Amino acid sequence: MTAVTSPGGEAGAAAPAATRLVQRVHWSDRVAHVWLVAIALLLLAFLAAPLAAILMQAFEGKDREFVGLSNFIAYARTPALLSSLWNSVWVSMAVTAITIPVAFVFAYGLTRSCMPWKPLFRGISLIPLLAPSLLSAISLIYWFGNQGIAKGFMQALGIQQIYGAPGIVLAECFAVFPHALMILITALSLADARLYEAAAAMGTSRVRKFFTITLPGAKYGLLSAALVTFTLVMTDFGIPKVIGGNFNVLATDVFKLVIGQQDFAKGSVVALLLLLPAVFTFAVDHYVSRRQTAMLTARAVPYKALPSKGFDRIMLLCCSVIALLMLAMLGMAIFASFASFWPYNLTPSLRHYVLGLVDGEVGEGFINSLKMAGGSALFGTLLVFFGAYLLDKTKGAPLLRGPVKMLAMLPMAVPGLVLGLGYIFFFNAPGNPLHGLYQTTALLTLCTIIHFYTTGHLTAVTALKSLDSEFEAVSASLKVPWFRTFWRVTLPICTPAMVDIARYFFVNAMTTISAVVFLYSPETKVASIAILNLDEAGEIGAAAAMAVMIAAISAVATGVFMLLARWVDRRTQAWRGPR
Amino acid sequence: MRMSDLFRLSAVAGTVLFASLGFAQKTTLTVYTALETDQLKAYEQGFYKAHPDVEIKWVRDSTGVVTAKLLAEKANPVADAVMGVAASSLALLDKQGMLEPYAPAGLGAILPQYKDKKSPPAWFGMDVWGATICFNAVEAAKKNIPKPETWKDLTKPVYKGQIVMPNPASSGTGFFDVTAWLTLFGDDGGKGGGWQFMNGLHENIAQYTHSGSKPCNMAASGEFVLGISFEYRGNSNKAKGAPIDLVFPKEGLGWDLEAFAIHKGTKKLDAAKKLADWASSKDAMALYGKNFAITAVPGMAPPLPNVPADYESRLVKMDFAWAAENRERILAEWTKRYDGKTEKR
Amino acid sequence: MTDPTVAASYLKLSGVHKAFGAFTALKSIDLDIRQGEFVCFLGPSGCGKTTLLRIIAGLETPTAGRVEQGGRDITTAPPAERDYGIVFQSYALFPNLTVADNVAYGLVNRRTPRDDVQRRVTELLKLVGLPGSEKKFPGQLSGGQQQRIALARALATSPGLLLLDEPLSALDALERVRLRQEIRALQQKVGVTTIMVTHDQEEALSVADRIVVMNHGVIEQVGDAISVYREPATPFVADFVGKVNVLPGRIATGELSVGTFRLRNDATARAADGEVKVYLRPEDVLARPTRGGAPSFATDDPNVFDAEIEKIEFLGSFCHVHVRSDAFAPNRLTVYLSLNFLTEQALSVGSMLRLKLLPERLRVF
């Protein structure tokens, strides 16, 4: 569907002298280009420019003079680099290797079996998203720390202590699980039942069907999930910071350099290193998406799982085990929030809640958090989905598409810390016309949207890719402009995915710390930061209590989103109904 | 209601919400601080009593974050004043020319070692936070581990895997511990006794944490027996009921100041000066004394129950300028020795 | 290649050329399509037929050349400024809209009054043989039914040109045969100029007014079904359209021979001597029993010879009979014979036949 002819190449002998023919641009496509430019500008202003503002410092010396690559060379010489790099890579790979199969089994159970309590499992699987990463760290320490209940069990497995790689891997697996799951569920729920009917008619076994239909169909989803997982673990600094002990990874190196030593130059060097996985991810995504064909054409029959006693039971068992592990994580934090003084006085009390809400300024933080989360969910979803649509389904402006796609993939690789500092450098710069946004909730919201842009974008793209690619061509032939088709067809079909994206933004905004820690003002301080302060002050119980409260609020919000999803489903998804 | 109506409605509602989020702040005096929230409240009330016409907007975070933020905002400062941030950090800001020298009303009463050497000084101290070992007596009893008296005790094999200390590369507390040891035992470009001591200590360290509070918090919750931390955190944890004893090693203690400075270029210099005057006053010192055993103006703090009487005399002679100058070299050496290799022990 | 008797063409392609990078998909395509004509683009996959259709639809822009529709130059016009309806292989029905909404999709945008829209939808659904299915969703219909809805949607705005991109390839054999006749009948009723892309020669032969046979980005032949079938212009066309026997032969001093066998050849007057290939359709071989009373071929006819049946492939009313003959061994011939003839003459594997190769049907390339 290229609107502009590709350069002539080997023109055949009979071809007339080639004046490049370029299709005239219809006004409706112009509209798309204008929007695309708007989104590109937005990403430039709120992602590329702040990043450039901080990363430029990688090339600057103490007095901000240009020093070329000397910061890189200096950093490469420190022995810390190799060990941190290696640690980051192997931990990320380990987490990916554990999480993807587990999340796939879970997603498979949710989409392809008839096991009971599916909504319950879906809900439980969201727990890690609902809770700040501090919660899982506190919980892991209470389970496996030196005073932990299950320490003996862990040591029997040959792991000496939870601090370090084991803790990071466990906590990260927990934390990234919903991210991977979200992508995998989308990939698995978009199957064409006719393929399975055909296979069944040929007497294909369940296992063979799995390997010949299911896996190839979910290939793109699996790959994105793996890439997202890898990059998230690579760039996360919250978990390694609280449970990593002296296990150094690149992200904590950034923290040490920037916060500990205020060495922005070297911090930027490491941050640049962290961007590499995103570049890699972009390349892979670019390569793969060209080969991905639509799975859900108008003729496709939505897949509906058929009951199968043995299989359903196995899936139920697998999902239950996974769900129980998640609940154990949350449960311990809840317990910790009520225990008077771990581990010496375990009598239940409400003092942590009182202390957190009354003394810890967390109360008003919740209000700010809710504002920010609501704003992120609404605007983030609209922006991400519309952006993905423009990229994937409209035509023309080829020079714009590559960069915008790249920008959409970039946030995943940017440590929030780096993004937050970049925001300071960029928005607080004298003469920046956007300076008025500095320290406002609006900027916090935008920062959060950008920070979590990629997963939303990937979900939207996965949903969009599953649509027949000829919808737009048919519309054009019927003289219906693309935005009408977007409104009448694409949006309604994709509303479940959009509700998912909105929920994702909401819960992440509730728990995010790393980027916003640099951007809040006294009026806009959010709860997640207040919790970090409690932990710092040694009020672990209060921190746990407030983390549980965030989880609870997010859970309620998730419930609301689920009701919304159900309502939306009933309104817009009637066509998926039984034949 | 049709779907499309819903979207339209939510878009409108969202726009209104979005517009109402920002642009609603009134500016008074913006003060960046690393003080504890409960301390802040007391100080704020004290200041308001003296100056009801100024309102303070606190921006509170850990020392590292506040310092990073101030440096990042250097081009277009937001803060009018900085209160309760480590003197070593303020020295760094001063080196960047970011502080407005001012001699506050109470400056004369402040001991010379607790304020900037220049005149007028770029910053002055409020109180001292010194190194302290939080020693969990309950866990120690279980493991039959004796209470240490000196830094050197910590290198004994009995403490292997029981000690937590802050990483000097990410924590100011950790850094003054290291500089104190180098001052006490010798630096000598990496060959001195301070490094020998740290070599031995490293053998017993279970973990280098990213914050100065964390080691004491971990000792308080029994995760590890000993946490090298600072006095205030030790006291506050003990007050909460943690079974810890505070140990002030005899050889000498690293320390830093909670200090005050006016940010250069503030448009509210008068109000900032009012705050500086109050922060250096005896009233303020009395408030600091409730939390800290040593205040910049001597004799303002009532003795604290867990702090020895000769606490102040145990503080090592700190040369902030020397520390700032040698920071990069020390951290590079430290990182090379103890942080770069995270082999399993 | 175009029929010179036609005064005006509705769609005119001249010198259309398309390259994707270094790959040339279409080479200087010239084609005229008359108003109301049903034209099939026929060819193997990768021959450029779909690219040509997409160029006509404005979904691709040619590298060079000119496309005119109804006298208007539309070479660089965006799809929305062209006048056509299109049906894709995937149908691309909007799954969340009812059949009625799908059909009315292009009408609603034109601010047609609601009643008129409804009337038009009813009319179109009747036209495609699915009256009363307004409220259903596409997912509730069979493939063939969905295809009809897609047709109705494409026709709703009464476009001047109907483009069909392999519309039947996803259907089962029976449905395919039924629907192609329906499409043809519908096209004749509505009178819309139609281009259908297909790789199925039977489909093309059965519905098209004219067939455009394409290969490797060039048009091999344009003509009606009979001329394409009977008088293939190139070996490719002969090979691709219908079944054909290919025999290696020689021309020496103007005489055509295959093996040791001399042939009379009326169709191709090829003077040049040398190696040739002789093309002959299986039905262009007449058969008689070698014995018995039935009137036999003139014995002096050079194209008559005796052959032995090697294999009989039963295909219902007629059979593919594979025969061999010493005359041009080792080549084999395939001949279509009716089942009745085989049973009447009690022919089976090993029986002898007297065959005549129709001299006017031999094609020599």
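**Reading the model**

Tutor: Let's start with one residue: A:K465 is buried, at a relative accessible area of 14%. Buried means under 20% relative accessible area, exposed means over 50%, and partly exposed lies in between (1.4 Å probe, protein chains only). Before we go on, note that this is a predicted model: local features need pLDDT of at least 70, side-chain atom pairs count only at pLDDT 80 or more, and totals for chains, interfaces and linings use all residues. Residues are numbered from 1 along each chain as its sequence is written, chains are lettered from A and ligands numbered from 1 in the order in which they are written, and side-chain values use heavy atoms, with hydrogens and water left out.

Student: Which side chain does A:K465 meet in a salt bridge?

Tutor: A salt bridge is a side-chain nitrogen of Lys or Arg within 4 Å of a carboxyl oxygen of Asp or Glu. Here A:K465 pairs with A:D392, at 3.1 Å from N to O. The two sit 73 residues apart, A:D392 in helix α17 (residues 362-393) of chain A and A:K465 in helix α21 (residues 453-465) of chain A. Helices (H or I, at least four residues) and strands (E, at least two) are DSSP runs, numbered from the N terminus. A:D392 counts as partly exposed, because its relative accessibility is 26%.

Student: How many salt bridges does the structure hold over all chains?

Tutor: There are 41. In chain C, C:E60 and C:R54 form one at 3.6 Å, N to O, and both of these residues are buried. Salt bridges with shared partners also join C:R148, C:E175, C:R178 and C:E182 into one network.

Student: Now the chains. Which pair of chains has the most contacts?

Tutor: Contact means heavy atoms within 4.5 Å. Two pairs of chains touch, and chains A and B have the most contacts. Chain B and chain C do not touch, with their nearest C-alpha atoms 13 Å apart. The contact between A and B takes 73 residues from chain B and 72 from chain A.

Student: What area is buried between chain B and chain A?

Tutor: Buried area is the accessible area (1.4 Å probe) that two parts lose on being put together, summed over both. Between chain B and chain A it is about 6,300 Å², and carbon and sulfur atoms give 57% of that.

Student: How many salt bridges are there between chain B and chain A?

Tutor: Three. One of them joins A:D535 to B:K214, with the closest N and O atoms 3.4 Å apart.
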